[in-house]
Amino acid sequence: MSVGVDRTLIWLSARQLFAKRRALIALGLSLIPMVVALVFRMLVSDARGSGGDFLIGLARDLVIGALLPLTAVLFGTTAFGGDIEDGTLLYLLLKPVARWRVVLWKYVVAVVCTAAVMVPATLLPWLVVRGPDLPIQVPLSLLAGLAVGSALYCAGFLALGAWTRRALVVGLLYVVTIEMVLSRNLTGVKAISAREFALAISQKLLGNSAALVDKPVTTATVWTMGTLMLVVGVGLTIWKVRAYEAAERL
Amino acid sequence: MTAIELRRASRWYGNVVAVNDVSCALGPGITGLLGPNGAGKTTVLHMMAGLLQPSAGEVLIDGQAAATDSSIYRRLTLVPERESAYGFLTGREFVRMSARLQRLPDAEEAAARAIRLVELEGAQDRKIATYSKGMRQRIKVAAALVHQPDVVLLDEPFNGMDPRQRLHMMGVLREEAARGRVIVISSHILEELNDLADNVLVMIAGRLAASGHYRAIRRLMTDRPHTFMIRSSDDRRLAAALLADASVVGVELSGNGNGGGGIVVRTSERSTLTHHLPRAARDAGIRLLEIRPTDESLESVFSYLVER
């Protein structure tokens, strides 16, 4: 397989994800935590001293809890949903390129773009409130969890984009009901929550230096259930795209 | 020699039959696929392109099933009907992307050549979102021809093109056909295929209703009974005058027949009537107020072909 083909698929996928004002939305999402941190620093007299608790709370509730799934919904559902909705999928299917390869690169690009938005969302507020209790290991641990979360969320939302034309709505409903409400309150749901997995990975790397989550799911659960979610999500997308037949709507 | 063959190919979606038992064999040159909207033209093209599996029968490209693997797209291309293209890309980026996905050694040069072919050099660095409908069609054709495939399938390619662009595109397709390529063009307008398609397949309601040279199909469509509604200053006298003409097979008076209501004239030869009518009216001192064909819609023409 030619490197040029892979590079073209990556280039096209990235251009597609950031088209139609999505670049502006992503930029806005990435800057929200910094704005909150600036407000915190202006209002709280001992901002440097209490920065640790603030940053951990911000990461748990805003970055991992809301911005990560929202960004993943945005990019994950667009990766294929956009092509199907606009009818541009035909231009990829009519090329001598294996369909699974198209899926794979679209998935990788969606994950990288989601994780990339999380970098300023984590590092900028850290720069604003950092003090002696907040070494660089703290944001790096958070970013590791966010990377795992990006990979899992995007696998699910990619499949959603390939299987339904209302992927964005269904994805948002999932984020609000499962991730924002049920996984925080029902123990059983934690075992299938990408948010809980991201928190557990970050907590594991943070060790005792910060308490991100009281009872993180076990590492074994993260790897087994996470791998299952990833394989099912990407597998379902490959299955759907390989069997795709051009109906009149294409 | 590259050839497309449909062997009793059918395609249905649930209970809806889109293409019904179509057999044909196409070789190098331009073939027109003619039919009203919903006749199954797009489904046939998608089956030829390997994007749809036939529900029954076979669709073969050079003896191989069309929907086998993606390597077929080195030799075959389709220009879809929908205007959609990547609006966030420039025309040049879109065509170059096609060249790269075809693994052409010099994608830049191939893209430049394809864009020159459709005369879009002036707009190649503009976003496709800013293109007119005709320009989008042309950039889609450029992207499809960038790797010079043997089989080119075009779904309503002239939609949105102005007459000059249309003539130019016809010239491009003729040149491609002269190089031995198999070109299939779908259209719902017979005149679009004039002087372009060597062979025309007429599809109606999913079936192949007629096939042959353009002129033979044209003759089939024009040499049929026609019906005209004519209003004049004296319908009753005009009706009597027209009945003297051998080409008129029937006249009916509408309304009270004293003028204003009009007459419905059925003729076996349209051209004879259109010559005879003004002369007959002038000789009888009758003023013609309105002449209107009542069965010239494409659907009525196709219905006639089906009933034959």
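Helix α1 (residues 3-17) of chain A and helix α2 (residues 91-101) of chain B have axes that come within 8 Å and cross at roughly 145°. Axes here are lines fitted to C-alpha atoms, for helices over the stretch in contact, with angles from 0 to 180 degrees between N-to-C directions. This is a predicted model, in which local features need pLDDT of at least 70 and side-chain atom pairs count only at pLDDT 80 or more, while totals for chains, interfaces and linings use all residues. Residues are numbered from 1 along each chain as its sequence is written, and chains are lettered from A in the order in which they are written.

**Helix contact between the chains**
- The crossing of α1(A) past α2(B) is left-handed, a term used if the near helix is turned anticlockwise from the far one by less than a right angle.
- On the α1(A) side the contact is made by Gly4(A), Val5(A), Thr8(A) and Leu12(A), and on the α2(B) side by Met97(B), Arg100(B) and Leu101(B); contact is defined by C-beta atoms, placed from the backbone, within 7 Å.
- By type, these residues divide into four nonpolar, two polar and one charged, where Ala, Val, Leu, Ile, Met, Phe, Trp, Tyr, Cys and Pro count as nonpolar, Asp, Glu, Lys and Arg as charged, and the others, Gly among them, as polar.

**Chain B overall**
- Chain B has nine helices and 14 strands, taken as DSSP runs (H or I, at least four residues, for helices; E, at least two, for strands) numbered from the N terminus.
- Its C-alpha atoms fill a box of roughly 75 × 45 × 35 Å along the principal axes.
- Of the 308 residues in chain B, 42% are buried, that is, 20 or more other C-beta atoms lie within 10 Å of their own.

**An open sheet in chain B**
- Four strands line up antiparallel in the order β12-β13-β11-β14, with pairing requiring at least two DSSP bridges.
- The edges are β12 (248-253) and β14 (288-293) of chain B, each pairing on one side only.
- Neighbouring strands of this sheet are turned by 20° against each other on average, direction ignored.
- Strand β11 (residues 226-232) joins β13 (residues 263-267) of chain B over five bridges, and His226(B) stands opposite Thr267(B), while Ile230(B) has Ile263(B) as its bridge partner.
- Five bridges also join β11(B) to β14(B), where Met229(B) stands opposite Arg292(B).
- Helix α8 (residues 270-284) of chain B lies across β11, β12, β13 and β14, running at about 135° to β13(B).

**Nonpolar cores**
- The largest nonpolar core has 153 residues, and Cys154(A), Leu158(A), Ile139(B) and Ala142(B) have the most contacts inside it; a core is a set of buried Ala, Val, Leu, Ile, Met, Phe, Trp, Tyr and Cys residues joined through C-beta atoms within 7 Å.
- Helix α3 (residues 51-86) of chain A gives this core its largest share, 16 residues.
- Another core, of twelve residues, lies apart from it and includes Leu238(B), Val248(B), Leu273(B) and Ala281(B).

Conventions
Contact = placed C-beta atoms within 7 Å.
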